[in-house]
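Keep it brief, with cut-offs stated.

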Number of protein chains: 2
Amino acid sequence: MKKKPRILILGAGYGGMMTASRLSKQLGYNDAEIILVNKHNYHYQTTWLHEPAAGTLHHDRTRMRIDSVIDTNKVKFIKDVVVEIKTADKKVILEGGELDYDYLVIGLGSEPETFGIPGVEEHAFSIRSVNSVRQIREHIEYMFASYNNSEIKHEDYLTFIVAGAGFTGIEFVGELTERIPELCKEYDIDRKKVRILSVEAAPTALPGFDPELVDYAMSLLESRGVEFKISTPIKEVTKDGVILASGEEIKSKTIVWTTGVRGSSILDKSGFETMRGRIKVEPDLRAPGYEDVFVIGDCALIINEEINRPYPPTAQIAIQQSSTLSKNIKALITGSGNLETFVPDIKGTVASLGGKEAIGIVGSKKLYGSSASTMKKIIDNRYLYLLGGLPLVVKKGKLNLFS
Amino acid sequence: MKKKPRILILGAGYGGMMTASRLSKQLGYNDAEIILVNKHNYHYQTTWLHEPAAGTLHHDRTRMRIDSVIDTNKVKFIKDVVVEIKTADKKVILEGGELDYDYLVIGLGSEPETFGIPGVEEHAFSIRSVNSVRQIREHIEYMFASYNNSEIKHEDYLTFIVAGAGFTGIEFVGELTERIPELCKEYDIDRKKVRILSVEAAPTALPGFDPELVDYAMSLLESRGVEFKISTPIKEVTKDGVILASGEEIKSKTIVWTTGVRGSSILDKSGFETMRGRIKVEPDLRAPGYEDVFVIGDCALIINEEINRPYPPTAQIAIQQSSTLSKNIKALITGSGNLETFVPDIKGTVASLGGKEAIGIVGSKKLYGSSASTMKKIIDNRYLYLLGGLPLVVKKGKLNLFS
């Protein structure tokens, strides 16, 4: 009897989870062995993390046990950490062992992009995982709790700097504006003493987004007390705060770094050619030069031909990729025809601004305020539906659509 | 018309609050002007603070707005910080001004006793106020939240040292044993990784307490994972942990200092003669040599003649003192007879051990387990009843008597 080919999926982010889910439905038990490797036994919603980071949503709402979502009769889950991919030997080194593969799916996600700015890794927080956002939430609370217990009033305890006014930065700032009045009440602190700064090197917040919507977002956030410092590069992060390119220092004990991501460093380490840590994939989502290695999500670089620039890696694209990718693996295994070309279909983009506020573009339509906020929740729920059907929407979804 | 004498009460702890409350009932509006000065606009239950420190009870359950309890038609409340008492001029210097008095009640509470051990003030936490315990709670949570977000597993983040196994130390350790399993769940940490150490210089935990009850408490807490280090003086506290007299270092990011208290440093500063910061009061609770200065609570030293040692300052004694003290002030103002002698009437002592467990002596009867725990809650509620009647018991009391 012919040995079943083994499909090895690395990483249980949007791309890995959806690929595992789709393959388990598309392939019969005898067609292939599917293994999913992830460092945690849970999957989490990366696009929601700004909420538990600020403390406006519990982190358990953003995560789910992998074995509660994946059909474990068809997909074997292994909790382990990927160390290196050895394509020459068709195997993957894990902290706890190694695994051969016939087909590999790399969905190892991203790492914060520091642009080589000194001090970021040592002194800044990043919104990247359940572990990291729990720490941010608790750090912020600790700063509030500490402020009144000191004879000296440390203003830097109540100064919160969000570096980067891209999508994540703005969404996090939005949540902070909701959370901070609650913290002021909890810790007997005057709201006027708290500063929230959004610092962005580019000449606008939300670069690439519709300017009218950007204005709306900035005005709204300013009305909630956010100070924007646009066209303001940061030169260095220290334990005491940030030093701007101008030389000015802003003292703060809380710097949250949200200036974008690069692909997992495991790719470089494993000898793949990358751009900012990402592999520029073939139209069929394979790594160039490999018949059996697919790349998905934040690890995959795809060029938007219209503007000759990479698409920003999003959950939306990762989810769409999983459809093409799983069909292509099935085609290879069953020998049934040509591989499909991946074409992103950007349906829209919505950024939450905290509370009932959001901005977005869906199709060619601009959305503001509560209609955008409702749309954001519908998008979040749609993913849960794709991944785990209605039960998962009920369990983990954002059901308060209009509040 | 004769000017009303002014009674100035410094501090809104157990002693100050109960004195204000009793005087406002015992004196008519025309008999005296009563002013209560406190640094916060709230009163808190010092004896409950181990609970919000561990995070088993919200700090708002331990405090109440002063103007919600005191009859503000009869007692004027001033939120300010006492800087110095000038008995020669019969006035008190506040950060925001000064106040004359005809009768002074000093109820300024206590400060942690460090015994001159280096590093305590800089690196250890203390259970002394709402502000301080909120910080402890958040610090502990931050340690848990930080542990899993680091590649290096910092064991010192999960090592909690409680210096002092007296009343407060044991009660706090008890709450920690209840809280830590919850935190392990919240932050995905194996309970076995967490250490709780109770370090005591004396040859026993709870020195002076009934040995049988001490055994019960220690066995119970050990069964919940507490490590006792008895007869183990601490030589120094550093930012990395504690150094024992033996030279051994225990690494920890959380040292909570509970080795007793001394009276407010304002007493020394104001020229009173003190022992460990406390004024050895006359039988009528006046400071020696002063006709018009009364001392109450942690600032007052009272000798237990039976053993020729001071009574440990407790809420129970402070509350009893307020009765004598207010009668004596009334007697001075109305010129009605001799001053009363204060005689403590120790009804019992109960120490909570977390959850439904406690130990105690009431009268000559030893109490264990849930009956002691229920008694502890009854004692807590009794104070609320004395202070604010049934409405305050309903609002802030521990009504879950048997769970």
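His40(A) is buried, at a relative accessible area of 15%. Buried means under 20% relative accessible area, exposed over 50%, and partly exposed in between (1.4 Å probe, protein chains only). His40(A) sits in the loop between strand E2 (33-38) and strand E3 (42-44) of chain A. Strands (E, at least two residues) and helices (H or I, at least four) are DSSP runs, numbered from the N terminus. Not counting residues up to four places away in sequence, His40(A) touches Ile66(A), Phe77(A), Lys79(A) and Asn131(A). Contact means heavy atoms within 4.5 Å.

This is a predicted model: local features need pLDDT of at least 70, side-chain atom pairs count only at pLDDT 80 or more, and totals for chains, interfaces and linings use all residues. Residues are numbered from 1 along each chain as its sequence is written, and side-chain values use heavy atoms, with hydrogens and water left out.

A search of the whole structure finds 15 aromatic pairs over all chains. Rings of Phe, Tyr and Trp (its six-membered ring) pair if their centres lie within 6.5 Å; planes under 30 degrees apart count as stacked, over 60 as edge-to-face, the rest as tilted. Two of the pairs are tabulated.

| Pair | Type | Centre to centre | Angle between planes |
|---|---|---|---|
| Phe144(A), Phe160(A) | stacked | 5.8 Å | 5° |
| Phe167(B), Phe209(B) | edge-to-face | 6.0 Å | 70° |

Phe144(A) is buried at 0% relative accessible area. Phe160(A) is buried at 1%. Phe167(B) is partly exposed at 29%, whereas Phe209(B) is buried at 15%. Phe144(A), Phe160(A) and Tyr187(A) form one aromatic cluster.

Definitions and conventions:
Chains are lettered from A and ligands numbered from 1 in the order in which they are written.
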